[in-house]
Structures are given as structure tokens and as C-alpha cells.
Amino acid sequence: MPELPEVESLREFLGGRLVGQEIARVLPLAVSVLKTFDPPLSAVEGGAVTAVDRYGKWLGVTVAPPSGGELHLAVHLARAGWLRWRDEFPAAPPRPGRGPLALRTVLASGSGFDLTEAGTAKRLAVHLVRGVDEVPGIARLGPDPLAPDFDRAAFAALLAGERGRIKGVLRDQSLIAGIGNAYSDEILHAARMSPFKPVGRLTEDETTALYQALRATLEEAVERSRGIAAGRLKAEKKSGLRVHGRTGEPCPVCGDTIREVSFRDSSLQYCPTCQTGGRPLADRRLSRLLK
């Protein structure tokens, strides 16, 4: 799933190509993709893009429509969704319901982007709203961890009173926006902390270490992704991960074998030596972690 660093890179990528451009048409091609009906997608046609923003893992394209006011096209790529930029489109119109293509946005210049989604889960979501707070997934977001005012004190205040395990807390979008499964693994590895550690047992020093690992991990990932074309972002993300998705490989810090805990259709990866005192974690504990 694209997380904060990749979505931030997409925001920069799209901002340089969309802002100031006129939208010619928006074509929904999968039944499941569009989550709103008022206003209709046709309302943005003929309108100019004025901004591209990021809200956690959400992308927001702001449009000044011909009718006046402001509309927001909000996109969540979910686990299997992606954005593909096109300098031009095929002459033949796309066929709805065929292949991974979910939505096409065409500019008056002839360029634009496709939203695609692989697999059968179909969780990619597009909302067209008058205000971004009308999107439930955006309205409930916690603070952005890369915001200037998200300092160590703000982080500690956010954790105060939380009773969950630290892996689940980092992934809770209502507490911190934008961190998912991959970067929570990377943050915890950098902080040398077990994913199952209860938040309520963090010491002051551990809170500081976790905050520093969070900021450094995300900032480094954003910097790695900056300037990368949209089509190469997934590969760039994978190449920069130290533990996530690397089960059975040696830890780049200590050389121990990276291990995995599986749960339903997801998993976490960690280094026993760096994070759990050399002790392997049992899968049965993950059900409590992800509640």
C-alpha cells in the first residue's frame, strides 16, 4: 500500500503537471471506484486544477469548476491501487469493467492520469466533494507526522493514555496520519523496539527514540522518493526498506535473520536481535496488536 512518503511524492509529481491545467473529462470505469454522487464527476469538466494536496495516505486534487466555487477530487489508493501518468491516451475509448483500469482523468492538453487497481478486493476509493472534511477517511485523520508542529512533545501527548501495542498505534490513522504496515516496521526497527511493546510502558527515553526514528525514517523515505516518476515509486519504496518484506534475509544492522509474524492477509517483519532481545515473537499475539 502506498504510504505517506509515496503519496507525498505523487503529490509533488502531480502538482507539477496538473496545477493550472483544465480538466476535459473524468471517466469512472469500475463500478466500485466512485464513492459519491453529488456533485457528479461531470461538474469538474472544464474546470482548472488549483492545487494538489496530501492528507495522510489520501491525495486531494482541488478544482475550480465552471459553475464557481471549489471541488475536491479525493483519492485513496488502498492496497492494490496505483496512479499512472500518460502524456497522451489511446484513440479508442477504454471499456468499463475490463482489466485493472478504474478511473481516467484527461486534461484539455491531452495528457492526464489513470487510476488502476489489481486484484479482486477493489478498495480504491474516489470521492468528489465540496470540502475535504466531507470524506470520512480524511475527517478522522490525526496529525501529519511531518508537520512542523509535530514535535516530540506533541508525539508524547498523542501517546498519553493509549493502551495498545506500539505497532497498532503507529498504524492508527486517527492518531497519526499516513503510516502503514511497511513504515511502522521500519520505524520500530530503527527505534530498536518490539512491535508488541505496550505504549503505556514506554519510558521517556524510549518515547524520544521512537519519535526520532519516526521522523528520520519518514523524512529519509520522502527524500528518496522525491523526483521519482510515478511508475517507479513502488520499486523505490521496496529497495529502501530494511526489514519490511525481507523475511529470511540478514538484518542490515546486526546480521540476524529477519523474522515474520503473520495475521490474516498481512504480516509484519522484525529483527529479533535489534528489537526483541533475541526472542522470536509468536503469531498468536498479533490478533491483540491489530485490534
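This is a predicted model: local features need pLDDT of at least 70, side-chain atom pairs count only at pLDDT 80 or more; totals for chains, interfaces and linings use all residues.
Visitor: Let's start with strands. Which way do S2 and S3 run when they pair, and over how many bridges?

Guide: A general idea to keep in mind: in a regular strand the side chains alternate between the two faces of the sheet. Here, S2 (residues 48-55) pairs with S3 in the antiparallel sense, over seven bridges.

Visitor: Is S3 mostly covered or mostly open?

Guide: Mostly covered: S3 spans residues 58-64, and six of its seven residues are buried.

Visitor: What about the turns? Which residues take a positive phi in the two hairpins?

Guide: Glycines, in both cases. The hairpin of S2 and S3 has two residues between the strands, and glycine 56 takes a positive phi near 60°. The hairpin of S3 and S4 has six residues between the strands, and there glycine 68 has a positive phi near 100°.

Visitor: Now the open sheet. What is the strand order?

Guide: Follow S1-S6-S7-S5, four strands with antiparallel pairing. S1 (23-28) and S5 (81-86) stand at the edges with a single partner strand each, so one side of each has no neighbour in the sheet. On average, neighbouring strands are turned by 15° against each other, direction ignored.

Visitor: How many bridges join S6 to S7?

Guide: Five, with S6 (residues 101-107) and S7 (residues 112-117) running antiparallel. Leucine 103 is the residue opposite leucine 115 in S7. Helix H1 packs on this sheet and touches S5, S6 and S7; its direction makes about 30° with that of S5.

Visitor: Where should I look for the largest nonpolar core?

Guide: It has 33 residues, and those with the most contacts inside it are Leu10, Leu14, Leu18, Leu59, Leu83, Leu115 and Val126. Helix H1 (residues 4-18) gives the largest share, five residues. A second, separate core has 28 residues, including Leu170, Leu175, Met193 and Val222.

Visitor: What does leucine 83 touch, sequence neighbours within four places aside?

Guide: Leu10, Leu14, Leu59, Leu77, Phe113, Asp114, Leu115 and Ala230.

Visitor: How do I read a helix pair?

Guide: Two packed helices are described by the angle between their axes and the distance between the axes. For H3 (residues 152-159) and H6 (residues 204-225), the axes come within 10 Å and cross at roughly 115°. That makes H3 roughly perpendicular to H6, since 65 to 115 degrees counts as such. Arg152, Phe155, Ala156 and Leu159 make the contact from H3, and Glu204, Thr207, Thr208, Leu210, Tyr211 and Leu214 from H6.

Visitor: Which hand does the crossing of H3 and H6 have?

Guide: H3 passes H6 in a right-handed crossing.

Conventions
Residues are numbered from 1 along each chain as its sequence is written. Side-chain values use heavy atoms; hydrogens and water are left out. Buried means under 20% relative accessible area, exposed over 50%, partly exposed in between (1.4 Å probe, protein chains only). Two strands pair if DSSP finds at least two bridges between them. A nonpolar core is a set of buried Ala, Val, Leu, Ile, Met, Phe, Trp, Tyr and Cys residues joined through side-chain atoms within 4.5 Å. Contact means heavy atoms within 4.5 Å. Axes are lines fitted to C-alpha atoms, for helices over the stretch in contact, and angles run from 0 to 180 degrees between N-to-C directions. Angles under 35 degrees count as roughly parallel, over 145 as roughly antiparallel, 65 to 115 as roughly perpendicular and the rest as oblique. A crossing is left-handed if the near helix is turned anticlockwise from the far one by less than a right angle, and right-handed if clockwise.
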